[in-house]
Amino acid sequence: MPAFDSAGDSKTRRLSFPRSSKLLKHGDFQRVYQTGRRHFSGLLTAFYLPRPIEPESTDCRPRIGTTVGRVLGGAVDRNRIKRRVREAVRQHLADLPFAVDVVINPKKNVLKAEFVDIQQEVARAFQVIRKYMESAGQASRAGKS
């Protein structure tokens, strides 16, 4: 398994998707769906919402959640979709150094898509989120925590 840091230097640090970077609570998912912004693409829809940073908190990492409904297939298909999306997110998580909650809703064609295409879609969604966060002034607040 290759290891890269955000600067591209190999063997510096392992890419990971720690529990602290996962969106886990139902209420958090609902909050992102109801009040967040959306990015649509051919393979997925990304919902995102900036997270307020508390002064005593040093955690300004993004939290990512994935939802795969039953309409996308049986359990085997849904789990395969989740694994593929989770791996693409893991590889691009360093591209998003902001306190933002993101929910990714894959579409059915993720099952048959090439993994490189999934990676590109996730990277593009993260670019859109990053651009929004920078324009909203979240970048300066995230660095001050």
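Strands S3 (residues 63-66) and S4 (residues 100-106) pair in the parallel sense, over 4 bridges; strands here are DSSP E runs of at least two residues, helices H or I runs of at least four, numbered from the N terminus, and pairing takes at least two DSSP bridges. This is a predicted model, in which local features need pLDDT of at least 70 and side-chain atom pairs pLDDT 80 or more, while totals for chains, interfaces and linings use all residues. Residues are numbered from 1 along each chain, and side-chain values use heavy atoms, without hydrogens and water.

| Residue | Opposite residue in S4 |
|---|---|
| Arg 63 | Asp 101 |

Stepping back, the open sheet has 4 strands in the order S1-S2-S4-S3, with mixed pairing. Its edges are S1 (37-40) and S3, each pairing on one side only.

Helix H3 (residues 115-135) lies across S1, S2 (44-50), S3 and S4, at about 25 degrees to S2; axes are lines fitted to C-alpha atoms, for helices over the stretch in contact, with angles from 0 to 180 degrees between N-to-C directions.

Now to the largest nonpolar core: among its 28 residues, Ile 64, Val 89, Leu 96, Val 100, Val 102 and Ile 129 touch the most other members. Such a core joins buried Ala, Val, Leu, Ile, Met, Phe, Trp, Tyr and Cys residues through side-chain atoms within 4.5 Å, buried being under 20% relative accessible area (1.4 Å probe, protein chains only). H3 gives the most to this core, 7 residues. A second, separate core of 6 residues includes Phe 47 and Val 103.

Methods
Contact = heavy atoms within 4.5 Å. Buried < 20%, exposed > 50% of the residue type's maximum accessible area, 1.4 Å probe, protein only.
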